[in-house]
Amino acid sequence: MSKDTLINYVELPCRDLPATKTFFASVFNWTFTDYGPVYVEFHDKGIVGGLYQSELASVTANGAALLVFYSPDLATTQQRIEANGGAIIKPIFDFPGGRRFHFTEPSGNEFAVWSDK
């Protein structure tokens, strides 16, 4: 498949780079490459992207795009998120095609996790 016009990279603001790196490494097994003190890249998780130092956060209430993870076991994923400093901001709910919940990570960025089970 051609890479022409495919979404290929995403960048997210990050108030606390060390806490956010620890969170994603612990919950979703992300690995990182550091590019100085204010930028890190994550890879090998479906899309490559970066985290950059910022006082801003990506939240849907402000019009931000929502990045959504898949999990076959929402309850276990939710427990890992909470155990590693994430906050559930929308509890598990049904939607056409499955169920999902929304959370914020330690820097305040909003994400969702869905399951078709």
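Author: This is a predicted model. Strand 5 and strand 8 (residues 110-115) run parallel and are joined by 4 bridges.

Reader: What makes strand 5 and strand 8 a pair?

Author: Pairing takes at least two bridges between the strands. Strand 5 and strand 8 have 4 bridges, so they count as paired.

Reader: What happens in the hairpin of strand 6 and strand 7?

Author: There are 2 residues between the strands, and Gly-97 takes a positive phi near 105 degrees.

Reader: Why are helix 1 and helix 2 called roughly antiparallel?

Author: Helix 1 and helix 2 (residues 74-83) pack at an angle of about 155 degrees. Angles over 145 degrees count as roughly antiparallel. The pair is therefore roughly antiparallel. The axes are 9 Å apart, and the crossing is right-handed.

Reader: Which residues make the contact between helix 1 and helix 2?

Author: Helix 1 supplies Phe-23, Val-27 and Phe-28. Helix 2 supplies Thr-77, Arg-80 and Ile-81.

Reader: Which strands does helix 1 lie across?

Author: Helix 1 (residues 17-28) lies across strand 1, strand 2, strand 3 and strand 4 (48-53). To strand 2 it runs at about 150 degrees.

Reader: What is the order of those strands in their sheet?

Author: The order is 1-4-3-2, in an open sheet of 4 strands with mixed pairing. The edge strands are strand 1 (9-14) and strand 2 (31-34), since each pairs on one side only. The twist averages 25 degrees from one strand to the next.

Reader: What makes strand 2 and strand 3 a pair?

Author: They have 4 bridges against a cut-off of at least two, so the pairing holds. Strand 2 and strand 3 (residues 39-43) pair in the antiparallel sense. Within that pair, Thr-33 stands opposite Glu-41 in strand 3.

Reader: Why is Thr-20 called buried?

Author: Thr-20 is found in helix 1. Buried means under 20% relative accessible area. Thr-20 has 0% relative accessibility, so it counts as buried.

Reader: What makes the link between Thr-20 and Ser-107 a polar contact?

Author: The two side chains come to 2.6 Å. The limit for such a pair of N or O atoms is 3.5 Å, so this one qualifies. Leaving aside neighbours within four places in sequence, Thr-20 also has contacts that include Cys-14, Leu-51, Glu-105 and Pro-106.

Reader: Why is Val-48 called partly exposed?

Author: Val-48 has 30% relative accessibility. Buried is under 20% and exposed is over 50%, so Val-48 falls in between and is partly exposed. This residue is found in strand 4. Its C-alpha atom is separated by 5.2 Å from that of Tyr-9, 39 residues apart along the chain. Among the contacts of Val-48 are Val-10, Glu-41 and Phe-42.

Reader: How do you know that Thr-5 is exposed?

Author: Its relative accessible area is 75%, and the cut-off is over 50%, so Thr-5 is exposed. Thr-5 sits in the segment before strand 1. Phi of Thr-5 is near 70 degrees, a positive value in a residue other than glycine.

Reader: Why does Asn-29 count as exposed?

Author: Asn-29 has 54% relative accessibility, which is over 50%, so it counts as exposed. Asn-29 lies in the loop between helix 1 and strand 2. Although not a glycine, Asn-29 has a positive phi of about 60 degrees.

Conventions
Residues are numbered from 1 along each chain as its sequence is written. This is a predicted model: local features need pLDDT of at least 70, side-chain atom pairs count only at pLDDT 80 or more; totals for chains, interfaces and linings use all residues. Side-chain values use heavy atoms; hydrogens and water are left out. Axes are lines fitted to C-alpha atoms, for helices over the stretch in contact, and angles run from 0 to 180 degrees between N-to-C directions. Contact means heavy atoms within 4.5 Å. Buried means under 20% relative accessible area, exposed over 50%, partly exposed in between (1.4 Å probe, protein chains only). A polar contact is a pair of N or O atoms within 3.5 Å; within protein, one must be able to donate a hydrogen and the other to accept it, and residues adjacent in sequence count only if both atoms are side-chain atoms. Angles under 35 degrees count as roughly parallel, over 145 as roughly antiparallel, 65 to 115 as roughly perpendicular and the rest as oblique. A crossing is left-handed if the near helix is turned anticlockwise from the far one by less than a right angle, and right-handed if clockwise.
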